[in-house]
Amino acid sequence: MEKLPEYDTIIIGAGPAGLFAAACINRGRTLILEKKEKPGRKLMISGSGQCNFTNSGPVSGFSTHYGNNYGFMKPALETFTNHHAVNWFEKRGIKTITDKNGKIFPASLKASDILNTLLKAASEQNARLMTGLAVQSARVEGGMFLVETADRRFTSVNLILGTGGLSYPSTGSTGDGYSFAKSLGHSIVSPKPALTPVFIKGFEYDDLAGVSLKNAQIMLFRDKREIGSHPGDIVFTHKGLSGPGILDFSRFFEAGDTLKINLCNLQPQEFERQFTEAASENGKTLLSTFLRNAGLTRSLLRIVAEKSGVNPEKPLAEISKQARKALTEQACSHSFIIEKTAGYKTAMATAGGVSLTEVDPLTMESKLVENLYFAGEILDIDGDTGGYNIQAAFSTAWMAAQAINRKQ
Ligand SMILES: Cc1cc2nc3c(=O)[nH]c(=O)nc-3n(C[C@H](O)[C@H](O)[C@H](O)COP(=O)(O)OP(=O)(O)OC[C@H]3O[C@@H](n4cnc5c(N)ncnc54)[C@H](O)[C@@H]3O)c2cc1C
């Protein structure tokens, strides 16, 4: 006699994507398999334990927060929006708060409130959660999915891969899902750390650690060609650069790239114009005063002057045209060569993952294997800081769950 699958849906991974999918699947028997002893380990440390689960910006504004892959995310983000996410939790008793940057948190500032709500909602849908079980393989056999751990086998009609990426491997995200997807015929876009600080080659500025720049213009150069630019806040660290502007841009960084950063608040032409004007109107103005007025902190102006070979206490009238050019470059496009990004132990997200060309953006179903779905960071999706990654996990999980609900 033909064997029937034990479960309608198996979800591998109890992160926000897997748990939210389980909470939204309203038919059939669902099993969630999680390799860690406890679910949602990464969710628990998100937003420094406070869980910034989405952002209050307009839905249309989300388009700039997923690098080059927003096109795929658009239907999901417009179907299950940030407002839906907030309402979903508020309906379940979780009050939310929004900070000045639009980041939305549970009002308790406890990630555990988000996790417990997800777990309760999944259990209300009768989803079964088994923890401490690492899936080793997933394949199609006899017209159903066969999912194996070291000593157990489970079968299902549908399979959702919600195993996350590679960042913070201690939370359980070690890229296992990529090999399951590969074995099922999918291509993987080479993963790399995203939302990561960078180490700078020959970094001479460790005494600046903690100094920050507001909304600085960051330009990225590879082989002397500009390949992108991004505005954002920067923080100097002991070995390089961090801050939201660097983290959000880091998905594009490669070792050996050059970052050119505007350290002041003037564009190069305006810097030169104001310099020339100040030198002719009051040539006795000291370089340090001019640089301070251009928005440079005391420590940065010292570096800009030193790198240009000019004493900061020199009057503007005595500064040559050549030195002025050097000052403009050092102040408005200061170069930093990337030695490396900080790696998966520190990166908060993974760029790359299951290739989006092989997944239907309206259902998150594989275009190659019927009834196979993907949700969350396993996909070639990585969002900026500010709640965009957990929102992506929820939106993609919602699309997969609704597709499964419609089918059965
Ligand atoms: C320090 C830190 C802070 C962050 N803060 C924020 C924030 O404030 N806001 C935000 O939007 N994003 C934040 N992120 C990113 C966000 O947490 C992730 O994008 C999100 O958790 C991804 O959800 P996911 O469900 O796809 O994957 P994950 O959360 O990684 O969950 C995947 C689950 O799958 C399990 N798993 C993996 N392999 C197997 C296997 N073989 N068998 C069984 N189970 C398996 C893992 O153990 C894990 O529990 C942060 C990330 C980090 C590291």
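Helices, of at least four residues, and strands, of at least two, are DSSP runs that are numbered from the N terminus. In this predicted model, the protein chain comes to 12 helices and 18 strands when its secondary structure is counted in that way.

**The chain as a whole**

The C-alpha trace of the protein chain spans about 95 × 40 × 35 Å along its principal axes. The protein chain has 408 residues, and 45% of them count as buried.

**Strands and their partners**

A closed barrel of 6 strands, with antiparallel pairing, runs in the order β11-β14-β13-β12-β15-β16, and its twist averages 45° from one strand to the next. Within this barrel order, β13 and β14 stand side by side; they run antiparallel and are joined by 2 bridges, and the bridge partner of Phe236 is Leu241 in β14.

Another group, of 3 strands, forms an open sheet with antiparallel pairing in the order β3-β5-β4. Its edge strands are β3 (54-55) and β4 (96-98), each of which pairs on one side only. Thr98 stands opposite Ile104 in β5.

Strand β2 shows how a strand can be covered on both faces: Thr30 and Ile32 are buried on one side, while Leu31 and Leu33 are buried on the other. Thr30 in β2 also stands opposite Thr9.

| Strand pair | Sense | Bridges |
|---|---|---|
| β1 (residues 7-12) and β2 (residues 30-33) | parallel | 4 bridges |
| β4 and β5 (residues 103-106) | antiparallel | 3 bridges |
| β13 (residues 225-236) and β14 (residues 240-242) | antiparallel | 2 bridges |

On the side of α3 the contact is made by Met73, Ala76, Leu77 and Thr79, and on the side of α12 by Ala392, Ser395, Thr396, Trp398 and Met399. The residues of this contact divide into 6 nonpolar, 3 polar and no charged.

**The surroundings of the ligand**

Helix α12 (388-407) also takes part in the shell around the ligand, where α1 (16-24), α2 (41-45) and α12 each supply at least two residues. Of the 37 residues around the ligand, Gly13, Gly15, Gly164, Gly172 and Gly376 come nearest. By kind, the residues of this shell divide into 15 nonpolar, 15 polar and 7 charged.

**A closer look at Val304**

Val304 is found in helix α10 (residues 298-307). Why does Val304 count as buried? A residue is buried if 20 or more other C-beta atoms lie within 10 Å of its own, and Val304 counts as buried because it has 24 C-beta neighbours inside 10 Å. Leaving aside residues up to four places away in sequence, Val304 touches Leu263, Leu291, Leu296, Leu327, Gln330 and Ala331. As for Leu259, Val304 is 45 residues apart from it in sequence and 16 Å apart in space, taken from C-alpha to C-alpha.

Terms used. Residues numbered from 1 in each chain as written. Predicted model: local features only at pLDDT ≥ 70, side-chain atom pairs only at ≥ 80, totals over all residues. Near = placed C-beta within 6 Å. Nonpolar A, V, L, I, M, F, W, Y, C, P; charged D, E, K, R; others polar. Buried ≥ 20, exposed ≤ 12 C-beta atoms within 10 Å, placed from the backbone. Contact = placed C-beta atoms within 7 Å. Pairing = 2+ DSSP bridges. Axes fitted to C-alpha atoms, helices over the stretch in contact; angles between N-to-C directions.
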